[in-house]
Amino acid sequence: MAVHSLEDARDRDLVRRVADGDEDAFRTLFRRYGPVAKAVAARLVRQGFMAEEIVQEAFLSLWRAPAAYREELGTFRAWLLSTVHHRAVDSIRREEAQRRRAADAPPDPVTEVDAGEVVIDRLQAQETRGQIRRAMAELPPAQRQILEMMYFDGKTQSVIAGELGLPLGTVKSRTLLGMRRLRASLLEEVQ
Amino acid sequence: MSSRLPHDELETLIVADAVGGLEDAEQERLARLMASHGPDCAECRRLVTEYTEVAGQIGLLLEPEPLSAGAEDALVTAARAQEPSEIEARRGWRAARPWIAVVAVAAAVAIVAGVVGYALAPNQPGLRTITLQGTVPGRVSLIYQPGQSDAVLVAAGLPDPGEGTVYELWYQPSAGARMRPAGVFTPTDGSAVAPARVGSSFVVVAVTIEPGPDGSPQPTSNPIFSASV
């Protein structure tokens, strides 16, 4: 996949510096993506301290083995968020009891704090977020619902099929169609 | 390759995996399918890359959450405490003594010339070379400077350590002390030139095969190369 933007190129340079043991580069990546990574983890595990622990583990893993991120497999941001998401999903599936306790609690409130320099440039972040919102809004509601249950609630396709009373095959096909649509909307614009 | 591969089925699994929707058994099935399909399949790589990107963008819908005070410093402190660390070795490789770079070049030349273990750094005063005796084919040598922890490991003719495993170098600081990790390495075509951290003094060095990619904090198998100083 081609480098989409200067941000991507800058991230890749930072990861290369991390591979050389550059702490400043490591801190920069953490400041830039730690908050959004924490948001992803917190949405799943519903506890701030656990979310932060997951993010820290993901970054420590990068520090130990920066080669785990391979430039030819996409942007650093996507790789990091995928890593954090998978870790968070694993966490809630391992600790079902903890999840049940947290299930009654409302999701963490949306943070209004200005991310400032700690996240990707704010204007670009807003533009990106707006683009994603539009792409999600254009999905048929049935497809959007399933993707949201999977990504934001960490539910498997089997669980979703049970909860919605749908055949598993239907959930799988809606997942596939929804992601294909998103791919077309989000990736074609930058290629 | 893709003509004989069930890409539709793979895509269904890859998509679900990207958004975390697979059960453990399905994840294993995906891994098996992709392995049997061929790790070099460009279409599979493209699907994984693009759907990972899409999933990552879904995550951007969430408002970033501020990290707790001190999280950054705590992370860096934890990173510094990662011992053994490839990073430490890398840092030593790039930033430490110039002799390492000189030795590395000499070692690479020596490997090409097939003379690993012999006079690797003849023009570097104060350096010593120790050749480890092995129970498997291949040669392993360590170039070090007494009193300094930076070293360079040079190997040639080594067998592949096996899937999911790496070679790990160890040193014993003094007689009776426990073995300390000095770095991991994976040979390419049987050869390796890798930075190592052996401590300022040691009496034994050894190599074992350990789980990858980071190796083990303590040896979990018998040494296949070793030497006493």
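Axes are lines fitted to C-alpha atoms, for helices over the stretch in contact, and their angles run from 0 to 180 degrees between N-to-C directions. The legends below concern a predicted model.

**Figure 1. Crossing of helix H2 of chain A and helix H4 of chain B**. The axes of H2(A), residues 23–45, and H4(B) come within 10 Å and cross at roughly 135°. H2(A) is therefore oblique to H4(B), since an angle over 145 degrees would be needed to count as roughly antiparallel. The crossing of these two helices is right-handed. From H2(A), the contact involves Glu23(A), Phe26(A), Arg27(A), Phe30(A) and Arg31(A). Facing them in the contact, H4(B) supplies Glu72(B), Leu75(B), Val76(B) and Ala79(B). Sorted by class, the residues of this contact comprise five nonpolar and four charged, with no polar residue.

**Figure 2. Crossing of helix H4 of chain A and helix H3 of chain B**. Here the axes of H4(A), residues 76–94, and H3(B) come within 8 Å, and the crossing angle is roughly 75°. This angle makes H4(A) roughly perpendicular to H3(B), because that term covers angles from 65 to 115 degrees. H4(A) takes part through Arg77(A), Ala78(A), Trp79(A), Leu81(A), Ser82(A) and His85(A). The residues from H3(B) are Thr52(B), Glu53(B), Ala55(B), Gly56(B) and Gly59(B). In this contact four residues are nonpolar, five are polar and two are charged.

**Figure 3. The side of chain B that touches chain A**. The contact between the chains takes 46 residues from chain B and 59 residues from chain A. On chain B, at least two residues each are supplied by helix H1 (7–18), helix H3 (42–59), helix H4 (71–80) and helix H5 (86–95). H3(B) provides the largest share of this side, with 13 residues. By class, the side of chain B that touches chain A has 22 nonpolar, eleven polar and 13 charged residues. For the complex, the predictor gives an ipTM of 0.82 and a pTM of 0.61.

**Figure 4. Confidence along chain B**. The average pLDDT of chain B is 77, and 76% of its residues score at least 70. In residues 92–97 of chain B the pLDDT is below 50, and this stretch has eight contacts in the model beyond near neighbours in sequence. Residues 112–123 of chain B also have a pLDDT below 50.

Note on methods:
Residues are numbered from 1 along each chain as its sequence is written. Chains are lettered from A and ligands numbered from 1 in the order in which they are written. This is a predicted model: local features need pLDDT of at least 70, side-chain atom pairs count only at pLDDT 80 or more; totals for chains, interfaces and linings use all residues. pLDDT is the predictor's confidence in each residue, from 0 to 100. Two residues are in contact if their C-beta atoms, placed from the backbone, lie within 7 Å. Helices (H or I, at least four residues) and strands (E, at least two) are DSSP runs, numbered from the N terminus. Ala, Val, Leu, Ile, Met, Phe, Trp, Tyr, Cys and Pro count as nonpolar, Asp, Glu, Lys and Arg as charged, and the others, Gly among them, as polar. Angles under 35 degrees count as roughly parallel, over 145 as roughly antiparallel, 65 to 115 as roughly perpendicular and the rest as oblique. A crossing is left-handed if the near helix is turned anticlockwise from the far one by less than a right angle, and right-handed if clockwise.
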